[in-house]
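Before reading on, please take a moment with the sequence and the 3D view.

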Amino acid sequence: MFDDDEAITGRYGGEEFVVVLPGVGSDVARQRVKEIRRQVDAKAAVNCHGAPILVTASYGIAVMEEAGRFANIRELIETADQCMYQSKRNGCNRVTVVTAPVTTAPT
């Protein structure tokens, strides 16, 4: 089972972040990201004139469940990035998961 101490997190691009979950399959990754999403949804970013301003986020997950599905780590990260853009296009505040490279570029 995944241990949070093994997670690697950091900024990837201007407004994007990456979370690397070593040895985790798509089901566990989806559950972990849904928990992150729930926590983000539950908190107000700022309180403006007595009204909370809530924050949402769009998430993309690429999982290497089979050896050879992705050519390299760059392709894996680019696929996760494309999934995040797909989540944005489909209404934001969503999670999109794939286990193989995505061939279409984000618009």
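**Layout, cores and cysteines**

The chain contains two helices and six strands, where helices (H or I, at least four residues) and strands (E, at least two) are DSSP runs numbered from the N terminus. Followed along the sequence, these elements come in the order β-β-α-β-β-β-α-β. This is a predicted model, in which local features need pLDDT of at least 70 and side-chain atom pairs count only at pLDDT 80 or more, while totals for chains, interfaces and linings use all residues. Residues are numbered from 1 along each chain as its sequence is written, and side-chain values use heavy atoms, with hydrogens and water left out.

Taken along the principal axes, the C-alpha atoms of the chain fill a box of roughly 55 × 35 × 20 Å. Among the contacts (heavy atoms within 4.5 Å) with a separation of 6 or more, 48% are accounted for by residues 24 or more positions apart. Of the 107 residues, 23% count as buried, a word that here stands for under 20% relative accessible area, with exposed meaning over 50% and partly exposed in between (1.4 Å probe, protein chains only).

What lies in the interior? A nonpolar core is a set of buried Ala, Val, Leu, Ile, Met, Phe, Trp, Tyr and Cys residues joined through side-chain atoms within 4.5 Å, and the largest one in this chain has nine residues, namely Leu 21, Val 24, Ala 29, Val 33, Tyr 59, Ile 61, Val 63, Val 95 and Val 97. At least two residues of this core come from each of helix 1 (26–42), strand 5 (59–62) and strand 6 (95–98). Another core lies apart from it and has six residues, including Ala 62, Leu 76, Cys 83 and Val 98.

Finally, Gln 39 has its place in helix 1 and counts as partly exposed, at 36% relative accessibility. Between Gln 39 and Lys 88 there are 49 residues of separation in sequence and 19 Å in space, C-alpha to C-alpha.
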